[in-house]
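This report describes selected features of one protein model, from strand pairing to helix packing. The sequence and structure are shown first.

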Amino acid sequence: GMYVCGPTVYNDVHIGNCRTFISFDVIYRYLLHQGYKVRYVRNITDVGHLENDADSGEDKIAKKAKLENLEPMEIVQKYTNGFHDVMKAFNVLPPSIEPTATAHLVEQIETTQQIIDKGFAYVSNGSVYFDVEKFAKSNSYGELSGRKIDELISATRENLDGQDDKKSSLDFALWKKASPEHIMQWNSPWSKGFPGWHLECSVMSTKYLGEQFDIHGGGMDLKFPHHECEIAQSRTCSGHDPVNYWMHTNMLLLNGQKMAKSTGNFILPDEILTGDNKVLSKAFSASVVRFFNMQANYRSILDFSSDALEASEKGYLKLMDALSSLANLSTQNSSSINISEWKQKCYAAMNDDFNTPVLISHLFEGVKFINQIKEDKASITAEDLVIFATTMNAFVFDVLGLLNDVKEQSSDKIDGVVALLIKLRKEARENKEWDLSDQIRDELLAIGIQLKDGREGTTYSMS
Ligand code: AMP
Ligand code: ZN
């Protein structure tokens with residue numbers, strides 16, 4: 001079981017969000033490759049995520065609905081569709097279940113009641129809050145993010161703004177009473193309102209993966225308070241930790257700062273694919289962006305820049321070029337390369353906390369082998385070649401999820417160029433400029449492109 005916090009669908013996802021989803025896609029793909037049966041749950045937050053991740057302020061989706069003059073559910077649908085398009089463009093596999101918070105209101109109300117019954121939540125002015133200080137007396141709080149409860153308490157005491165109904169600003173909402181003009185509100189035993197953001201992930205992960213499951217992921221920025229609050233909720237309900245392994249992706253930075261919707265410091269996937277952003281020297285393909293992401297470990301920060309993408313593109317093209325000649329390598333009676341040792345190193349890298357940069361260095365060692373074999377500086381047996389090619393292809397295409405869009409791109413371009421030459425040749429013939437029309441035909445033939453005149457017009461084939 002693997003649960004990853006999905007997007008709050010009030011805006012286009014930026015390339016920083018994509019880093020997190022691409023990283024977990026590689027983890028998911030590797031687990032599948034290893035033969036695990038994975039139930040991968042990645043939610044869509046469509047209610048309850050308030051501005052500044054806080055317990056007061058407007059709901060991010062309701063605010064956007066007002067701005068765009070749409071129904072909140074139109075906003076949700078619009079940006080969910082956009083998110084899916086982006087995931088597809090980056091070749092991210094869909095999760096097994098993609099639950100939404102609004103479809104799990106009954107469960108969220110039940111869990112809130114359960115926490116009240118256990119004595120760890122209180123009702124205040126129609127809202128329900130989790131009592132963090134009470135919880136911390138008998139439980140540890142802050143372990144995941146390395147925070148100390150005493151320090152948190154003294155920091156929040158100084159910051160108490162007195163404007164909400166909480167006993168302590170450390171407390172967090174399980175249920176929020178909605179103001180009358182708030183469109184997204186539902187009946188509950190406490191008020192007409194909406195569920196808290198932290199609660200949705202606890203409820204949906206428990207519902208689909210059980211009270212204790214293997215992996216819970218998300219970006220590093222969700223460790224505190226989001227995941228810390230999930231732990232407190234689950235421990236209260238089930239009496240034990242909900243998750244065996246917490247995994248957090250580190251942030252993608254732009255100009256040294258975290259990419260974030262809220263600060264405007266972000267780049268959209270479309271801008272990269274079209275090159276339409278002043279920080280970019282040109283357009284880059286989705287596979288180049290994926291490859292760029294994997295050149296750092298998911299736990300390290302990664303600096304986004306046009307130069308870094310250009311470097312990744314060079315590496316990616318080198319890899320694709322080598323792979324395209326793999327099938328045609330000639331084999332010998334003996335191998336001068338220890339393929340099983342190389343293969344084992346590739347697996348060892350991924351088994352070491354999904355260390356993609358180390359894996360990639362081994363794949364480039366593979367590229368070196370390919371070139372050496374091509375130049376007769378190394379040899380490989382037919383049997384080893386099968387292992388070598390299967391392993392290279394499995395890691396590059398199945399695990400890293402790269403696509404070979406080089407061929408597609410170049411064949412599209414060749415189609416366009418040849419179509420243009422066919423048109424010019426037709427015009428030359430119509431003008432009886434036979435020398436020019438023959439020159440176009442002959443020179444194309446010389447580089448392996450043969451024109452064929454038929455009843456339907458002229459087509460071409462390549463040798
Ligand atoms: P949000 O829609 O803001 O809740 O974010 C969706 C996911 O993207 C969460 O797991 C965030 O932690 C993650 N995320 C947001 N910003 C970045 C970033 N700059 N780099 C990597 N992941 C991010
Ligand atoms: Zn979450």
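## Strand pairing and the hairpin

Two strands are taken to pair if DSSP finds at least two bridges between them. In this predicted model, strand E12 (residues 449-454) and strand E13 (residues 457-462) pair in the antiparallel sense over 6 bridges. A hairpin of 2 residues connects E12 to E13, and Gly-454 is placed opposite Gly-457 of E13.

Another set of 3 strands makes up an open sheet with mixed pairing, in the order E10-E9-E11. Strand E9 (residues 252-254) runs antiparallel to E10, and 2 bridges join them. Leu-254 has Gln-257 in E10 as its bridge partner.

## Helix H13

Helix H13 covers residues 356-374, 19 residues in total. The distance from its first C-alpha to its last is 27 Å, close to the 27 Å expected at 1.5 Å a residue. Its buried residues are Thr-356, Leu-359, Ile-360, His-362, Leu-363, Gly-366, Val-367, Phe-369, Ile-370 and Ile-373. Viewed down the axis of H13, these buried residues fall within an arc of 160°, so they line one face of the helix. In general, an α-helix has 3.6 residues a turn, so residues three or four places apart point the same way.

Just after H13, Asp-376 adopts a positive phi of about 60°.

## Nonpolar cores

The largest nonpolar core contains 88 residues. Within this core, the residues with the most contacts are Ile-15, Phe-304, Phe-388 and Met-392. H1 supplies the largest share of the core, 10 residues.

Leaving aside residues up to four places away in sequence, Met-392 touches Leu-319, Leu-323, Leu-326, Trp-342, Leu-363, Gly-366, Val-367 and Ile-370. A second, separate core has 24 residues, among them Ala-121, Val-128, Trp-190 and Cys-229.

## Cysteines

Which cysteine sulfur is closest to that of Cys-229? It is the sulfur of Cys-201, at 11 Å, which is too far for a bond, because a disulfide requires a pair of cysteine sulfur atoms within 2.5 Å. By this rule the count for the model is 0 disulfides.

Cys-229 is buried, with a relative accessible area of 2%. Cys-201 also counts as buried, at 1% relative accessibility.

## Backbone features

The peptide bond from Phe-224 to Pro-225 is cis, with omega near 0°. Pro-225 belongs to helix H8 (residues 223-238).

Asn-69 is not a glycine, yet it has a positive phi of about 55°. Asn-69 lies in the loop between helix H2 (60-68) and helix H3 (72-89). Is Asn-69 buried or exposed? At 70% relative accessibility, Asn-69 counts as exposed. Asn-91, likewise a residue other than glycine, has a positive phi near 60°. The position of Asn-91 is in the loop between H3 and helix H4 (105-117).

Conventions:
Residues numbered from 1 in each chain as written. Chains lettered and ligands numbered in written order. Predicted model: local features only at pLDDT ≥ 70, side-chain atom pairs only at ≥ 80, totals over all residues. Heavy atoms only, no water. Helix = DSSP H or I, 4+ residues; strand = E, 2+ residues; numbered from the N terminus. Expected span 1.5 Å × (residues − 1). Buried < 20%, exposed > 50% of the residue type's maximum accessible area, 1.4 Å probe, protein only. Arc of directions from axis to C-beta. Core = buried A, V, L, I, M, F, W, Y, C linked by side-chain atoms within 4.5 Å. Contact = heavy atoms within 4.5 Å.
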